[in-house]
Amino acid sequence: MSYLLHIDASSLGEASISRQVAGSFRAAWRGPVVHRDLAVSPVPHLTAAGISARHTDPARHTPEQGEAARIQDELITEFLGAGAYLFTVPLYNLTMPSVFKAWLDQIMVVGRTLGFTDSAPTAGRPAVVISARGGGYGPGAPNEGRDHLIPTLETILGWSHTLGLDVTSVIPELTMVPDIPAMADLIPLHEKSLAAAHEQARRLAETLDRRAA
Ligand SMILES: Cc1cc2nc3c(=O)[nH]c(=O)nc-3n(C[C@H](O)[C@H](O)[C@H](O)COP(=O)(O)O)c2cc1C
């Protein structure tokens, strides 16, 4: 039976808002789950051995290529075996945490996971991205247009030439507002965004659970 692959990328454990919202998703999801916490167990960066191993006969792998290929194989097998995906990827420096980029670089391999010219093996599978951020990046916000995470991730995960997943993003905003006295007037907006994110996550889990059943 296929499972939900839940990848966590926030460095903050239980204090992470993305993880807390993911908790609402998980509480409503009844199927099996495989959980990988990149903050606790980061995957290595892609090395020259890892890239060259992809187009070298395994019988001719050096020990470094063999080890790099083993890591990629494990992550790709885990990725391809899932029927649905939950990614908690907070906004760090206007883009994704480096641990998540390292994971993407390991699993995105032409001929194995990438669509490129054909359809990706994961095409059409549902994926939920939960991305907390300290500021506000929505329409009319001072930071509008400076979110280089969600548009990038929706392309990497969702484009038919890459992984082709059916991506929905859940975005709790203004998470730093309660800690900044000068922004206290934005607390109601933060609370509204957070409550909406928990509700959206819960509903998505129920919908996807029914789709998977
Ligand atoms: C290293 C780092 C970089 C951050 N960069 C940004 C940023 O560029 N824009 C922003 O709005 N918030 C930024 N923040 C704030 C986080 O997005 C915010 O604390 C969010 O709640 C983190 O997600 P989490 O609670 O799931 O860990 C940053 C936080 C950290 C730790």
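## Overall fold

The protein has six helices and five strands. This is a predicted model. Starting at the N terminus, the order of elements is β-α-β-α-α-β-α-β-α-β-α. The radius of gyration is 18 Å, close to the 17 Å that the globule rule gives for 213 residues, so the protein is as compact as a globular protein of that length.

Along the principal axes, the C-alpha atoms fill a box of roughly 65 × 40 × 30 Å. Of the 213 residues, 36% are buried. Taking contacts between residues at least 6 apart in sequence, 76% join residues at least 24 apart.

## Helix α4

Helix α4 spans residues 98–107, and its buried residues are Val99, Phe100, Trp103, Leu104 and Gln106. These residues lie on the same side of α4, because the arc they cover around the axis is only 160°. An α-helix has 3.6 residues a turn, so residues three or four places apart point the same way.

What do the buried residues of α4 pack against? Their partners are the strand β1 (3–8) and the helices α3 (63–80) and α5 (150–158).

## Ligand surroundings

There are 17 residues around the ligand. Those that come nearest are Ser18, Pro90, Gly134, Gly135 and Thr175.

How do the residues of the shell divide into nonpolar, polar and charged? Eight are nonpolar, seven are polar and two are charged.

Terms used:
Residues numbered from 1 in each chain as written. Predicted model: local features only at pLDDT ≥ 70, side-chain atom pairs only at ≥ 80, totals over all residues. Buried ≥ 20, exposed ≤ 12 C-beta atoms within 10 Å, placed from the backbone. Helix = DSSP H or I, 4+ residues; strand = E, 2+ residues; numbered from the N terminus. Arc of directions from axis to C-beta. Contact = placed C-beta atoms within 7 Å. Rg over C-alpha atoms; globule rule 2.2 N^0.38 Å. Near = placed C-beta within 6 Å. Nonpolar A, V, L, I, M, F, W, Y, C, P; charged D, E, K, R; others polar.
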